[in-house]
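Student: I would like to learn how to read the strands and the core of a protein model, one feature at a time. Could you take me through them?

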Amino acid sequence: MEDTRTTETFRRLLFDVLERSRRGDRMSRIVDIVLVCIILANVAASVLDTVPVIHDRYGFALAVFNVFCVVIFVLEYAGRIWTAPEHPALAEMPAWRARIAHAASPMLVLDLIAISPFVIELFFGADIAVVRILRVIRFYRLARYSPALETIVGVIASEWRSLAGAAVLFVGLLLFSGVAMFLAEGKVQPDVLGDVPKAMWWGVVTLSTVGYGDVVPVTLPGKIVAGLTMVLGIVFFALPVGIIATSYLQQLRRRDFVVSFAMVARVPLFNHLDAAVIARLIGLLTARRAAAGEVIITKGEEADAMYFITSGKVEIELPTGPVYLSEGDFFGEMALVDERQRRSATVIAARTCNLLVLSARDFKHLVHANAEIGEAVNEIARQRRKAHRDSNEPDG
């Protein structure tokens, strides 16, 4: 039993480090930086290894370095698979099923593809030059360490059906343009448009609006086909761009909602509320940006809002010394309990901060519409007044 508990504790700690579940964790940041450096160095070495002079002189050293990198990548991949049961989205699954589901996620599939060139080279004896080129796939593992790139990968994975439909449409347009140009100018320019595959090359160049100019229509029917193909190419490429852009915005909104939901749910005043009520609270939040050194709250002023920190750090000036809060923390929540109270401390942005603000006035409107929140607020207010009276009573 003790061994099982120790194993689970270690697995949770490893998950925290690898998956960055605790923002701001120093060990997680160090591991991320080290892995990013290894990825960049490995890709650079793979590119340099294609230069004959460098390959002849340093080929063995580069091969040893590649083996070292692959060992690190395999250990990282194994660690992510092993810690999958700790992932919040997979916590309800049996451990084996959670690991399979996590292994099928886009980023883990990309990790596996990044490792595959070494396996191909080792066990199947593939052409070494080809395998060296395939190693650059590892560069795309950097998407894991960039929220923007990770979001794009998620967008492509979630919209693959729509993108596949767009690809089918492109193939249809390509066939149409190739056949039409073959019929229009196949006999006029047999060397370059004498069969459908040759005409399809012209179709690819024209649909993509690249226009190399190596094949140019010379007849009126050919020019009509070319003009129609150009217009269809512009319309077609707007379709996948629109799909990706729309889904990207949706992913950003969804991610921001999840982050906001987690922060709001941590507030003692709200942590007993159901998801629907918390979602309504999130709808009341407004964004505010505070520059480094800016005073956010001044001691003694009237309390009119509470704040959630989405990025950055703030300093709270207390008689016992400064206290620092960072991403995911909140302050000023008692303003929602009693608007008439005065701020008990000054809060300054230690560095540039992005904040979400919940004003007491907006919160009061929600309280009037939701009796459950009103009862919670009144209870906390009673407890706070009682604690204040107790602290003012003389000893003994």
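Student: In which sense do β3 and β6 pair, and over how many bridges?

Tutor: Before that, please note that this is a predicted model, in which local features need pLDDT of at least 70, side-chain atom pairs count only at pLDDT 80 or more, and totals for chains, interfaces and linings use all residues. Residues are numbered from 1 along each chain as its sequence is written, and side-chain values use heavy atoms, leaving out hydrogens and water. Strands are DSSP runs (E, at least two residues) and helices are DSSP runs too (H or I, at least four), numbered from the N terminus, and two strands pair if DSSP finds at least two bridges between them. Here β3 and β6 pair in the antiparallel sense, over eleven bridges, and Y307 stands opposite V357 in β6.

Student: Which strand forms a hairpin with β3?

Tutor: That is β4, with two residues between the strands; β4 covers residues 321-326 and is joined to β3 by six bridges.

Student: Which residues touch the most other members of the largest nonpolar core?

Tutor: In soluble globular proteins, nonpolar side chains tend to be buried together. A nonpolar core is a set of buried Ala, Val, Leu, Ile, Met, Phe, Trp, Tyr and Cys residues joined through side-chain atoms within 4.5 Å, where buried means under 20% relative accessible area, exposed over 50% and partly exposed in between (1.4 Å probe, protein chains only). In this core of 18 residues, they are V264, F270, M306, F308 and L358, and its largest share, four residues, comes from α13.
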